[in-house]
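Please read this briefing alongside the sequence and the 3D structure. It goes from the whole chain to single elements and residues.

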Amino acid sequence: MAAVKTSSPAANQLFRLGYLMLLGYLLVLTLWKAYDIRLNAIKEYGMVIHEFDPWFNYRATEYLYFNGWQRFCTWFDYKSWYPLGRPVGTTIYPGLQLTAVFLKNHIFTTKSLNDICCLMPAWFGAVASFFVGMIAYESVYSSELRRKKTIMTSALECGVAAAGIMAIVPAHLMRSIGGGFDNESLALSAMTGTYYFWCRSIRDEKSWPIGILTGIMYFYMVAVWGGYIFVLNMVGCHAGFLVLLGRYSTGVYRSYSLFFCLGTSLAIYTLPVVGWTPLKSLEQMGPLVVFLGYQLIEICEIVKRKKGLNRKQAWALRVGLFLGGGLISALLIYLLAPSGYFGPLSARVRGLLVKHTRTGNPLVDSVAEHQPANKSQYFQYLDNVCYVAPIGILMCLYDFSNASTFMVLYAIVSYYFSSKMVRLIILLGPCMSAAGGIALGRTFSWSVYQFVDVSSRIIVDDAKKKSTKKKKKGNASATEGQEQKSGGKITSVVSLVKKLVAGSCFYSIYYYSPQFYSTCVKMSTALSHPSIMFKAQTSKGDIVMVDDYREAYWWLKQNTPEDSRILAWWDYGYQLAGIANRTTVADGNTWNHEHIALLARALTHTEKEGHRVSRHLADYILVWGGGGGDDLAKSPHLARIANSVYRDMCPGDPTCRAFGYIDRYGNPSPMMEASMLYKLHSHKLKPGVEADYTKFRHVFDSKYGKVRIFKILNVSKNSRDFVADPKNRICDVEGGWYCRGQYPPGLANVLKQARTFSQLEDFNKKKTEKEDDEYTKKYFENMADPNKARQEAYSRGYGEKGKGGGPKPKKKTVTRTSTDHKNAKWEDSEYTTVLWELISKKDIETLSALLAQDSNLAHVRSSDGRGPMWWAYEYKSEAAVKVLLKHGVSFKEKDKNGKTPLDLIR
C-alpha cells in the first residue's frame, strides 16, 4: 500500500482530525484574506465610494433608507435626465440597495450607511469565494460518491483550494474592491450561490428539495444584477444538456421545475424592472423552452410507468407529444410576433452573438470594457490559473457526474462570452477558480496519500486479500510465493516513483503559489485606485492627492442654487447628483439613446450651436480636462453618438472620423477645433483658444486643472419655467406618479432633425427607409478600417469648422503600425521616442489622443524590449497605466532582460 498507516485506529482518527482542522484553518484564513485584500483602497483613501455607477447606487440607497420601499418603488427622479426625468424604482435592480439598508437596520446599526456601502464588496467577496469552494467540493464529491467513496475524499482539498484562488484572483477583484459599491460586487455571490445549490440539488434523486434554495438564490440574483439572464440561461442550458446526455431523472425534473417556477414567479411578482420579461424576452426564451420540454418529458415518463410501455411505444409517445407541443408553440409565435409581444435582444447581448466585435450602437461600442478580450487580458486577470484550470476541467470529464458536467459546460460558455467582451471575464473567474481548485486539490490530496493515509475508508490491497484466502486454504505453493515476492519488488518501485512525483507536486505548489499570490496582491493594489481621486507625482517628485473631481462637485454644491442644472457628459451624472446634489442632463444609464445624442450634439457641435441648445437645458457646463481620459479624448465618441441620431453632424460618415486629432502631437481637426467642447476645454490654455464671453463665463478651475466649470449666459427663462411646471408633464394615468417631463418648445427646431435610433436587433420595428440599412453597413465598414474612413471623410471635405465641407488637412496623419504585437520587431523609432516623452512628462492628454488614433502604438517596444507600460510604471504614472490597460497592454510581458513593468516599481 502506498500510504503509511499509523499504529492504531485511535492514532489514525487523531491524525485525520488534525488534517481536517488544518483544512478548516486554511478555509478560514482564505475567507479572511478575501476580505482583507479588498480593503487596500479603504486603507489608503478612506471610506470613499469609487467610480461612477456606485454613486448612483449610493444615492438610491439613501433614498430607500430615508423614504422606505413604497416610496422607492414610485420614485420618479426629476434631478436626472433633465427635462425628462427617470422612474428610478422601476428601472433598477434594487437588491444592492435592499441589502445595504437591511445591514444598516438589523446588523451594523452603529455604522454609517456610507461605511456599510464601502465595505459590502469586501464582505461579499468572501461569500463568493466560499460558494466557489462549495461548487468545486460538490463537483468532486458527487463524482466520487457515484463510485461509493465516503466524505473523506479529495473534495475537501478541492473546495479549500478553489476558495483560495477565488479569494484573490484578479478576475474577481476587478469588481469587488472596497468602495466599489456596484451591482457586480454582490452579483458574484448570488451567482455562485445559485450554481452551488443547483449542483447540490441534482446530486441524487433525494436532493431535489434543495431546488427551493436554488430558486430563492436565483431570485436574489435577479434582484441584484441584470446579468441574471446569464445565470438563468446557464442553468437552463445545463438542464437541457443533461437530457442529451441521458441523465434526465425525476429528481432533476423536480429540481429544475422548483428553480424555474419559484425564481421566476418571485421576480415577476416583486421586481418592477423585471415584469413579464421572463415570458417575453428572447434572451430568456431558452430556459422557458427547457421548462416546458421537461414537463412533456415527465408526462411521457409517468404514462410509460403507469401503462408499462416498451421502448418503441415510449418513443412513439414522446414524438407525438413533442410534435403536438411544437405545433402549438409555432401557432402562438405566429399570432404573437406581429403584435410585438417578444422583446428584442439588447445591443450588448447582440454584440456577444454576432460575428463582428461591434454592436452597431456607438454608445455601447464607445465603452472600453465592451470590447473583446485578448490573450494578455486573460493572463492579466487569471495569471497561472490559465494553465491549471484546464487540467481541472479534464478531471471533471474523467469523473462524470451531474455537477461535473455543469463545470465543463460553464467553462465553455463563460470562456466564449468573455472572449467577446472583456468585462465578462468576471463571469469566467468563478469557473476558472473552481476548476483550478479541483486540479490543485486532487493533486495535493493524491500527493499526501502517497505518504500518509488521511482517508476514512478502509482500503485492503488485493494482494492481501489473495494472501488471506491462500492462507485459509493452506495450499500456497513455493512458485506462488516467489511471484508474490517479485510483485512486491515491482510495487516498491512503483511506490517510490509515486512518492517522487508527489514530492515534485508539493514543490511546484510551494514554488508557484507565492508567485501567484504576489501577482494578485500587486493587481489588487493597481485596482484599488478610485477614479474619483488618485495619487500623482509632481514635476518635483512630490506625491500629491488629486481630488479635483470631488472639489468641483463640492464647489457646485456650495456656490450654486439648489435648482441649478448642470450639463456634463453622460459619464459624470451619477457623481454630480450623488455629491453635488444638482440636476443633471444625463447620467450613466443608457435607457434613452436619443437624449444622450442630444447632449453629445451640444458638446461637439459648433460653439454657437452648442450654446443654442445648452441654454434651454442647463445653467452650468462642467468639463473634464487635464489629460488622461478627459472630455477631449472622448470627444470622437461623442461626435459618433450624436451623428447616430443627428445625421447632419457628419454626413456620409457614421463614425465621424473628421472629428478628432489629426497627428500624434494632439492637433485637432478643424471640426473638433470649432466645437463648443474644445473651446471650453482649452479656454485660455492653448494659444488663440478662448470661449465666447457673450455666451459663457469661466467660473471655476480645480486645483490640478482636471475640472473646469462655465456658467451659461442668456439662459432661457421660458424653457426653465416650462419644464418646472407640473402641468407640462405627461402622466400614464391621471393623478399617477409616473409623469415624465417634456422638452421645452425652444428645442423644437433641433429635435425635428433627430432620427429615432433603432437597434439592429429590434425586428419588431418595420424599417421603411433604406437609409438606416446603409448607415449601419457604412458604420461597420468604417469601424473596421478607421484610417480609410478618415481619408474618405477628408477627401469629401467633412472637416470644416462647422457641419462639414472644407479643404483637406495638410497635416500628417499617424501611420498604422503592425497589429502583430507579439512578433513585432523591437527597435528604437520615432514612435518609441514620442511615447517615452509623453509618459515621462505625464502628458496624458496627448498620449490618449495619439492612442485613440492608432491603438497599436500602445504595444510598440524599443530595442531593449521595453515599451509604454514599462515607462508608465517607471515614472509612476497611474493615469498612463489606466490608458494603456484600456488598449489591452499587459503588465506581465518581459523585456530582453526578463523584467516586467511590475519589476520597475520601486
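Predicted model: local features only at pLDDT ≥ 70, side-chain atom pairs only at ≥ 80, totals over all residues.

Residues are numbered from 1 along each chain as its sequence is written, and side-chain values use heavy atoms, with hydrogens and water left out. The protein has 36 helices and eleven strands; helices (H or I, at least four residues) and strands (E, at least two) are DSSP runs, numbered from the N terminus.

**Overall make-up**

- Of the 906 residues, 54% count as buried, where buried means under 20% relative accessible area, exposed over 50%, and partly exposed in between (1.4 Å probe, protein chains only).
- The protein exposes about 40,500 Å², and carbon and sulfur atoms supply 59% of this area; accessible areas come from the Shrake-Rupley method with a 1.4 Å probe, and for residues only the protein chains shown count as cover.
- Among contacts (heavy atoms within 4.5 Å) between residues at least 6 apart in sequence, 73% join residues at least 24 apart.

**Nonpolar core**

- A nonpolar core is a set of buried Ala, Val, Leu, Ile, Met, Phe, Trp, Tyr and Cys residues joined through side-chain atoms within 4.5 Å.
- The largest such core holds 225 residues, of which Met120, Tyr195, Tyr256, Trp569 and Leu622 touch the most other members.
- Helix α5 (residues 113-146) supplies the largest share of this core, 18 residues.
- Beyond four places in sequence, Tyr256 is in contact with Trp198, Val235, Gly236, Ala239, Pro287, Val290, Phe291 and Tyr294.
- Ser255 lies in helix α11 (residues 250-270) and is buried, with a relative accessible area of 0%.

- Five strands form an open sheet of mixed pairing, in the order β6-β5-β7-β9-β8; two strands pair if DSSP finds at least two bridges between them.
- The edges are β6 (583-584) and β8 (696-701), each of which has a single partner strand, so one side of each lacks a neighbour in the sheet.
- Helix α22 (residues 548-559) packs on the sheet, touching β5, β7, β8 and β9 (707-712), and its direction makes about 25° with that of β9.
- Helix α25 (residues 607-614) lies across β5, β7, β8 and β9 and runs at about 85° to β8; axes are lines fitted to C-alpha atoms, for helices over the stretch in contact, and angles run from 0 to 180 degrees between N-to-C directions.
- Strands β5 (residues 565-567) and β7 (residues 620-624) run parallel and are joined by two bridges, with Ile621 in β7 as the bridge partner of Leu567.
- β7 pairs with β9 in the antiparallel sense over five bridges, and Lys711 in β9 is the bridge partner of Tyr620.
- Five of the five residues of β7 are buried: Tyr620, Leu622 and Trp624 point one way, and Ile621 and Val623 point the other way.

**Selected helix positions**

- Helix α1 (residues 9-36) has 28 residues and should span 40 Å at 1.5 Å a residue, which agrees with the 40 Å between its end C-alpha atoms; the expected span is 1.5 Å times one less than the number of residues.
- The buried residues of α1 are Asn12, Arg16, Tyr19, Leu23, Thr30, Ala34, Tyr35 and Asp36.
- Ala223 is found in helix α9 (residues 211-224) and is buried, with a relative accessible area of 6%.
- Not counting residues up to four places away in sequence, Ala223 touches Tyr93, Pro94, Gly95, Leu96 and Leu271.
- Ala223 and Val273 are 50 residues apart in sequence and 9.0 Å apart in space, C-alpha to C-alpha.
- Ala434, in helix α19 (residues 425-449), counts as buried at 1% relative accessibility.
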